[in-house]
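Take a look at the fold below. This report goes through its sheet, its helices and its charged pairs.

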Amino acid sequence: MKKVAFLVKGLTFFKSMGPLIYFSNKAGIIPVVIGVKERPGKEYDSIGTTEKLCIAFPYHDVVPNFEYQAFMVSSEKEIEPLLTRLDIKNVCCQDAFHHYPQLVNKFRVFSIGAFFDTAHLATMPDKLKNKPYKVYFPNEDLKKYFLEKSGIEVKNAVLGSPWFDHSIFTEHIKRDNPAVLFLTPPVNVLSEKMMQDIQRFVQYCEGNNILLWVKERLKEPWQGILKGNYKLVSLEAGLPYTAMQLACNTDVHITSYGTSIFESSYLGRPTINLEIDS
């Protein structure tokens with residue numbers, strides 16, 4: 001089997017890398033997972049422990065004799081020397097244009113697109129100077145937008161998204177009452193009226209036996225902002241990632257120009273998109 005390095009600089013990067021690592025042996029690949037222990041400025045996303053670095057490896061009783069290697073580095077500067085020492089030629093990562101431009105001219109880098117994040121890169125010429133070997137887009141629309149907006153030529157393919165594959169690992173919980181998922185945007189992008197409407201919706205759910213899940217991002221917390229009975233979720237699970245676990249077990253999703261729009265469409269759930277105050 002061929003060795004391929006999978007680069008994971010934080011827990012949220014398992015959204016793109018996790019399923020690829022899990023199923024890698026079936027594709028004739030030995031995954032060499034390289035994680036960065038701490039993520040400066042985004043400590044809430046740090047991998048931290050070897051146990052967390054290994055969350056994408058299947059249990060032995062599920063996939064006997066799964067072959068892999070795992071390495072934790074203290075900083076991103078250690079990745080290139082480690083790849084060279086291990087004699088690895090092929091590297092898989094998320095949005096290489098942005099996260100690993102220093103590697104794309106030295107290794108064969110396969111870049112997994114991250115929906116709107118990848119689309120935004122198309123408007124940043126400085127980010128596009130170093131092209132990976134190949135880019136994988138989640139759908140034709142994002143591929144078309146990126147190539148037209150950026151004006152660059154790069155090997156590419158549309159193969160869906162590993163984000164969606166997390167639904168395979170998610171437990172679907174039986175419940176009697178309807179449930180709604182609210183994926184919070186930064187508070188400061190919502191108007192005062194929008195915040196009032198959201199508060200009224202919390203009260204509506206409470207009065208109609210609707211379970212409301214509020215998934216906040218640790219860098220932009222909502223702790224204490226809404227009053228009433230709802231379940232606030234902060235931590236990131238990794239594999240399957242928290243938002244997908246919640247999305248699979250709710251009926252309606254509320255977001256604000258987030259990746260969850262694509263996740264909801266994939267799961268067949270209706271989405272309410274909140275207007276932001278620009």
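What follows is a short tour of the structure, which is a predicted model.

In general, strands of a sheet pair through backbone hydrogen bonds.

Now zoom in on one pair. Strand β2 (residues 29-36) runs parallel to β3, and five bridges join them. Here V32 stands opposite Q69 in β3.

**Helices across the strands**

Is α1 enclosed or open to the outside? Seven of its nine residues are buried, so α1 is largely enclosed by the rest of the structure. The buried residues are F14, S16, M17, G18, P19, I21 and Y22. They pack against β1, β2, β4 and β5, and also against α2 (50-53) and α7 (162-165).

**Salt bridges**

The structure holds nine salt bridges. Three of them are listed here.

| Side chains | Distance, N to O |
|---|---|
| D87 and K89 | 2.5 Å |
| D197 and K193 | 3.0 Å |
| R217 and E220 | 2.7 Å |

How exposed are the partners? D87 counts as exposed, at 53% relative accessibility. K193 is exposed too, at 54%, while D197 is partly exposed at 28%. R217 is partly exposed, with a relative accessible area of 36%. E220 also counts as partly exposed, at 24%.

The pair of D197 and K193 sits in helix α8 (residues 192-207). The two residues are four apart in that helix, so about one helical turn separates them. K193 and D197 also belong to a network of salt bridges with R200.

**A nonpolar patch**

Charged pairs are not the whole story. Y44, L218 and L235 make a nonpolar surface patch of about 290 Å². L218 is found in the loop between β9 (211-215) and β10 (231-233). Its relative accessible area is 34%, so L218 is partly exposed.

Notes
Residues numbered from 1 in each chain as written. Predicted model: local features only at pLDDT ≥ 70, side-chain atom pairs only at ≥ 80, totals over all residues. Heavy atoms only, no water. Patch = residues over 30% accessible without salt bridge, like charges linked within 9 Å, V, L, I, M, F, W, Y side chains within 5 Å. Areas by Shrake-Rupley, 256 points an atom, 1.4 Å probe, with all protein chains shown as cover. Salt bridge = Lys/Arg side-chain N within 4 Å of Asp/Glu carboxyl O. Buried < 20%, exposed > 50% of the residue type's maximum accessible area, 1.4 Å probe, protein only. Pairing = 2+ DSSP bridges. Contact = heavy atoms within 4.5 Å.
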